[in-house]
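Have a go at each task before reading its solution.

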Amino acid sequence: EFIKIMASPLPSTGIEEMRQVGLLEHILPELMTCLGVQQPDMHEFDVYFHSLYSSDFPPPEQYLLRIAALFHDIGKPAAIIKKDDDQIRFYGHDKKGTKITQKILSRLKFSNQETEYITHLVKHHMFHYESDWSDAAVRRFIHRVKEEYIQDLLLLRKADQFGMNRMRQPASLLDEFHDRIN
């Protein structure tokens, strides 16, 4: 049933309905911990709604990528750090999120291959490309994240951007990065 929700036109609607009727706390309690966790800077939504809206971005047939988008920030509640200037940061949330995602997917009986795919994307979603990266830096990135994951990782980052305010972003550094990788 979870996969059917994730392959629906708007998985955020199904997940939110599960929360509203009290099912989500039993099926994905880790996602419930994201509710009300505010994010700084350009984020319009808390971690929970940001994650839901991010999962709406990839096409429905890429439901595993949608699951990665749903879980990409699931480690943020466990990684909250309040700086001296009252700024909230989530250092290491990608590593914590990878472990949490592994646990969830094991509990939900996902295959090893599906689990590897989803957790790999969650683990590597926090890259920060700049135009001044050398060709060697681009090659190191490709080697680190594995070539077969690059297209989906870039799509996950676009989903992450979409989840900030539910708006599709204009051409960006990600498009430039895609061109450089190609």
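## Exercise 1: a histidine in a helix

His 124 is found in helix H8 (residues 112-124), where helices are DSSP runs of H or I with at least four residues, numbered from the N terminus. This is a predicted model, in which local features need pLDDT of at least 70 and side-chain atom pairs count only at pLDDT 80 or more, while totals for chains, interfaces and linings use all residues. Residues are numbered from 1 along each chain as its sequence is written, and side-chain values use heavy atoms, with hydrogens and water left out.

**Task.** Decide whether His 124 is buried or exposed, and list what His 124 touches.

**Solution.** 
1. Recall the classes: buried is under 20% relative accessible area, exposed is over 50%, and partly exposed is in between (1.4 Å probe, protein chains only).
2. His 124 has 14% relative accessibility, so it counts as buried.
3. Contact means heavy atoms within 4.5 Å. Leaving out residues up to four places away in sequence, His 124 touches Arg 144, Val 145 and Leu 153.

## Exercise 2: helix H5 and its two partners

**Task.** Work out how H5 is oriented against H10 and against H6.

**Solution.** 
1. Axes are lines fitted to C-alpha atoms, for helices over the stretch in contact, and angles run from 0 to 180 degrees between N-to-C directions.
2. Angles under 35 degrees count as roughly parallel, over 145 as roughly antiparallel, 65 to 115 as roughly perpendicular and the rest as oblique.
3. H5 (residues 47-55) packs against H10 (residues 150-165) at about 125°, and their axes are 7 Å apart. H5 is therefore oblique to H10.
4. On the H5 side, His 50, Tyr 53 and Ser 54 meet Ala 159, Asp 160, Phe 162, Gly 163 and Met 164 of H10.
5. Next comes H6 (residues 63-71), which packs with H5 at an angle of about 165°, again with axes 7 Å apart. The two helices are therefore roughly antiparallel.
6. Here Ser 51, Leu 52, Ser 54 and Ser 55 of H5 make the contact with Arg 66, Ala 69 and Leu 70 of H6.

## Exercise 3: a valine and the core

**Task.** Find where Val 138 sits and what surrounds Val 138.

**Solution.** 
1. Val 138 belongs to helix H9 (residues 135-145).
2. With a relative accessible area of 5%, Val 138 is buried.
3. Not counting residues up to four places away in sequence, Val 138 touches Trp 133, Phe 177, Arg 180 and Ile 181. Ile 181 is 43 residues from Val 138 along the chain, yet their C-alpha atoms are separated by 6.8 Å.
4. A nonpolar core is a set of buried Ala, Val, Leu, Ile, Met, Phe, Trp, Tyr and Cys residues joined through side-chain atoms within 4.5 Å. Phe 177 is one of the residues that touch the most other members of the largest such core, which has 49 residues.
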